[in-house]
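Consider the model shown here, chain by chain and where the chains meet. The paragraphs after it start with the interface and then turn to each chain.

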Amino acid sequence: MPLVSFHDVGKTYRSLQGLDYQAVEHFSIEIEAGELFCLLGPSGCGKTTVLKMLAGFEAPTAGHIVMDGRPVTGASRDRGVVFQGDDSLYGWLTAVENVEFGLRMRHVGKSERRERAMHYLRLVGLKGQEQKYPAELSGGMKQRIQIARVLANEPKMLLMDEPFAALDAQTRSLMQEELANIWHTTRTTVLFITHDIDEAVTLGKRIGVMRAGPRSQVKGIVEVALNGARSRTDDVFLQYYKRVHEMIRDEVAKAIARAD
Amino acid sequence: MAAPTAGEPDARRSPLDRDPGGAARRLWSVYGGYVVGFVSLFLIWQLASIYLVSSVLFPPPTVVFRKGQLLVRNGVLFEHLFASLKRILAGFLAGSLLGIPIGLAMGSFRSVRKLLEPYTEFLRFIPSVAMITVAVIWFGIGEGSKIFLIIYTTIFIVILNTAAGVSAIAPNKIRAAQSLGATRAQIFFHVALPATVPYILTGMRLAMANSFTTIVAAELIAANDGLGKMLWDGRLFMLVDEIFVSLVTLGLLGFAADRMFRWSIFTFAGKYSPAT
């Protein structure tokens, strides 16, 4: 049984002028426990809407989402979220205090939560930075705090909303590599949202390619049979890249045409 | 909070701090501008009063300073100063302590906002100076009316800033807390409140400046002591130099109060600075 399943999920937003916008319609996917599922799509296709609904920040207007046999009705610590920007970090807390936040809310003892937070800070490569405030750290380091903060809370799955999109190219590829390593060690289920084909092929075990919005759906799913470290120059990597690229090319063109 | 790990340079410290021979240079770089500014202010004043106006109605700083010394020695200046300061402090603290929870409630709950907005949006346009007459009629010319006026001038600006701070919280801060398992109460105390602190402090700083205006106006009209009363007496008895002592004292006091407020923000609430 999959860990998460979307059954015919739809989401309609109503604008202030009273106009309806159907972001996604008849959206169905299943995410298996322990897999890293990439949801790939052109901008404005409703990827983030899907993540927000699974996180429980927004309710679907049609269909339903089930996790572990129970319908998703609101935010819960089962689903930890890593946001694209750094505005979710608490600027008045140090790096380690940010990571401890979830444990502190559950009244985990001070020494135990410090120990667990330090463990995850080491895992994301932030050892020695724990007493710094977010404002003193670079964009990449701030994303690492977010990842450590979510991991320390030990959720059933991770939801990542284009977490590396705002980083420079070098930092981004380094972070992708480290996320792949973390995923190999922890085997946490991950839903990873991205618009970057390269990123999806680098990270994903399966890639769900979305159609251009509105009324977006999954166009197809590509299973990536690559194990261990993935090299962008491998022939197999390039074959996957081309396959996904062909699937998404028309959708990007449509998205751009609709935006104009 | 634990000390930074040994061997880790503290990023908040400026590179100048590591220069052992630069203490004087550092002092100069921090305070030099103020010193030059104040010296030039008094210099221009001195020159203007001697060469431009040369009248007893515009005494030079030397005369004012001598008069000030006299008023310090006979205790008159401090008596008035402390009378004003006591009122400002009492009203400012009471106004802030009332305003912060009201502002938090207004920012957090739409219903509370709708209920209280008629009060805040109506009353904040009636200047505190205009309320002096009513205050004196209600509370007499003693401390009551002054403290009422300072509370009045403090509370709305603190409410407004606090409420604005609550609505400016990034939604992702709240969402992150929700998915980390925080309850509503925990989100309020551990996210909304600390995220609003910079706005509260800004509101209080603005309120402090308002308090100075209001206290002088109130004391001008009805008081037995205070810097405003000193101004009024100076006019009554044509003691122009005494008026100037009072004015300079007000300027210095306001400047010092504002610096102290800023200093305490940086010292005790540096991590809440608006930049982060």
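In this predicted model, the interface between the two chains involves 22 residues of chain B, which are in contact with 27 residues of chain A. On the chain B side, two elements contribute two or more residues each: helix 7 (171–179) and helix 8 (184–221) of chain B. Helix 7 of chain B supplies the largest share of that side, six residues. Sorted by class, the side of chain B that touches chain A contains eleven nonpolar residues, seven polar residues and four charged residues.

Chain B has 276 residues, and 32% of them count as buried. Among the contacts in chain B with a separation of 6 or more, 71% are between residues 24 or more positions apart.

How many residues of each domain take part in the contact between domain 1 and domain 2 of chain B? Six residues of domain 1 of chain B are in contact with five residues of domain 2 of chain B. The domain 1 side of this contact in chain B is made up of four nonpolar and two polar residues, with no charged residues.

Chain A is also assigned two domains. Domain 1 of chain A is written as two segments, 4–78 and 156–259, while domain 2 of chain A covers 88–154. The centres of domain 1 and domain 2 of chain A, again taken over C-alpha atoms, are 26 Å apart.

Between the domains of chain A, eleven residues of domain 1 are in contact with eleven residues of domain 2. Which element gives the most to the domain 1 side of this contact in chain A? That element is helix 5 of chain A, residues 169–186, with five residues. By class, the side of domain 1 of chain A that touches domain 2 of chain A has seven nonpolar, two polar and two charged residues.

Key
Residues numbered from 1 in each chain as written. Chains lettered and ligands numbered in written order. Predicted model: local features only at pLDDT ≥ 70, side-chain atom pairs only at ≥ 80, totals over all residues. Contact = placed C-beta atoms within 7 Å. Nonpolar A, V, L, I, M, F, W, Y, C, P; charged D, E, K, R; others polar. Helix = DSSP H or I, 4+ residues; strand = E, 2+ residues; numbered from the N terminus. Buried ≥ 20, exposed ≤ 12 C-beta atoms within 10 Å, placed from the backbone. Domains from an automatic or database assignment.
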